Amino acid sequence: MTGKDLRGIGMTSQRTRDRLIQRLREEGIENATVLDVIRNIPRHIFVDEALSHRAYEDTALPIGHGQTLSQPYIVARMTELLLAEGPRKRVLEIGTGSGYQTAVLAQLVEQLFTVERIRPLQDKARQRLRLLKANNVQFKHADGGMGWPEHGPFDGILVTAAPEAVPVELIEQLSIGGRLVIPVGGGNRQQLELITKTPEGISTEVIEDVRFVPLLAGAIR
Ligand code: SAH
């Protein structure tokens with residue numbers, strides 16, 4: 001991958017990317033910093049070359065192993081929710097997948113910890129993040145439903161696969177004032193929830209209906 005590949009041409013060009021940003025604005029994404037980061041990250045390097053011409057469509061794309069790279073709208077929405085009450089210092093991401101959401105977060109938070117249960121996906125994500133010089137990211141191959149207690153508490157946690165119920169470990173690893181953005185529910189339709197930890201306990205806000213792959217137990221090689 002060269003500098004030219006990162007910039008993109010034709011269907012991966014800056015003009016194509018600008019159209020995606022316009023669309024995200026129309027869909028209600030307001031955080032200009034988040035939009036700028038999405039405009040600048042080459043999403044086409046996170047999918048197979050055969051799919052790169054679709055990388056700037058506002059759609060989820062397959063990344064192998066039965067997993068998908070989330071739709072740009074949902075990446076933007078979750079990131080915006082995470083950052084809505086100010087910058088985050090230590091953030092945990094569950095479900096690295098292609099590493100695209102990881103790359104977006106890496107530019108917006110101080111330190112990022114990301115967990116993936118499928119080793120080959122993690123390996124590819126790690127290479128892409130290195131190419132983009134994201135030096136503030138630590139990777140772990142594990143079942144992220146347990147969080148990453150050694151590095152907690154976190155002032156932000158973002159989960160990109162859906163559990164049937166919110167894992168207590170994740171709530172425990174949230175600091176006071178911390179925000180957890182997570183799709184919740186069984187089947188193939190869930191609700192995106194924003195959970196905030198306060199000195200009095202936790203509060204939950206249901207944001208909108210979403211569609212994610214399930215959060216599965218155990219790690220696989
Ligand atoms: N954010 C990713 C989306 C990947 S799809 C991207 O932008 O590409 C969800 C990912 O969550 C998949 O890679 C899946 O393997 C992973 N996943 C599912 N259950 C998990 C678990 N318990 N721990 C860690 N990762 C998990």
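In which strand does Gln-138 lie? In this model, which is a predicted one, Gln-138 belongs to strand 5, the run of residues 137–141.

## Gln-138 and its surroundings

The side of the chain around Gln-138 can be described by accessibility, by distance and by contacts. Gln-138 is partly exposed, since its relative accessible area is 35%, a value in between the limits of 20% for buried and 50% for exposed. Along the sequence Gln-138 and Phe-113 are 25 residues apart, yet in space their C-alpha atoms are 4.9 Å apart. Phe-113 is also one of the residues that Gln-138 touches when residues up to four places away in sequence are not counted, and the others are Gln-111, Leu-112, Thr-114, Trp-148 and His-151.

Gln-101 is found in helix 5, which covers residues 100–106, and with a relative accessibility of 6% Gln-101 counts as buried, because buried means under 20%. Leaving aside residues up to four places away in sequence, the contacts of Gln-101 are Val-75, Thr-79, Glu-93, Leu-158 and Thr-160.

Thr-96 lies in the loop between strand 3 (90–94) and helix 5, and at 3% relative accessibility Thr-96 counts as buried. With residues up to four places away in sequence again left out, Thr-96 touches Thr-102, Thr-114, Val-115, Glu-116, Ala-125 and Phe-139. A separation of 22 Å is found between the C-alpha atoms of Thr-96 and Ile-207, which are 111 residues apart along the chain.

## How helix 2 meets helix 3

Two packed helices are described by the angle between their axes and the distance between the axes. For helix 2 (residues 14–26) and helix 3, the axes come within 9 Å and cross at roughly 150°. The two helices are therefore roughly antiparallel to each other, because angles over 145 degrees count as such. The crossing in which helix 2 passes helix 3 is right-handed.

Which residues of helix 2 meet Leu-35, Ile-38, Arg-39 and Asn-40 in helix 3? They are Gln-14, Arg-17, Asp-18, Leu-20, Ile-21, Leu-24 and Arg-25. The residues of this contact of helix 2 with helix 3 divide into five nonpolar, two polar and four charged.

## Salt bridges

Side chains of opposite charge can pair when their charged atoms come close.

| Salt bridge | Distance |
|---|---|
| Glu-27 and Arg-23 | 3.1 Å |
| Arg-39 and Asp-36 | 2.9 Å |
| Glu-57 and Arg-54 | 3.1 Å |

Salt bridges that share partners join Asp-18, Asp-36 and Arg-39 into one network. Asp-36 is partly exposed, with a relative accessible area of 39%.

The partners in the other two rows can be described in the same terms. Glu-27 has a relative accessible area of 29% and is partly exposed, while Arg-23, at 42% relative accessibility, also counts as partly exposed. Glu-57 counts as partly exposed at 32% relative accessibility, and Arg-54 is partly exposed with a relative accessible area of 31%.

## Backbone details in the loops

Most residues other than glycine have a negative phi, and most peptide bonds are trans. Against that background, a few loop residues deserve a careful look.

Where does His-65 lie? His-65 is in the loop between strand 1 (61–64) and strand 2 (67–69), and the phi of His-65 is near 60°, a positive value in a residue other than glycine. Lys-133, although not a glycine, has a positive phi of about 60°, and the place of Lys-133 is in the loop between helix 6 (119–131) and strand 5. Is Lys-133 buried or exposed? Lys-133 counts as exposed because its relative accessibility is 64%, and exposed means over 50%.

The peptide bond from Gly-152 to Pro-153 is cis, with omega near -5°. Pro-153 lies in the loop between strand 5 and strand 6 (154–159), which brings the account back to the strand that holds Gln-138.

Notes: Residues are numbered from 1 along each chain as its sequence is written. This is a predicted model: local features need pLDDT of at least 70, side-chain atom pairs count only at pLDDT 80 or more; totals for chains, interfaces and linings use all residues. Side-chain values use heavy atoms; hydrogens and water are left out. A salt bridge is a side-chain nitrogen of Lys or Arg within 4 Å of a carboxyl oxygen of Asp or Glu. Buried means under 20% relative accessible area, exposed over 50%, partly exposed in between (1.4 Å probe, protein chains only). Helices (H or I, at least four residues) and strands (E, at least two) are DSSP runs, numbered from the N terminus. Contact means heavy atoms within 4.5 Å. Axes are lines fitted to C-alpha atoms, for helices over the stretch in contact, and angles run from 0 to 180 degrees between N-to-C directions. Angles under 35 degrees count as roughly parallel, over 145 as roughly antiparallel, 65 to 115 as roughly perpendicular and the rest as oblique. A crossing is left-handed if the near helix is turned anticlockwise from the far one by less than a right angle, and right-handed if clockwise. Ala, Val, Leu, Ile, Met, Phe, Trp, Tyr, Cys and Pro count as nonpolar, Asp, Glu, Lys and Arg as charged, and the others, Gly among them, as polar.
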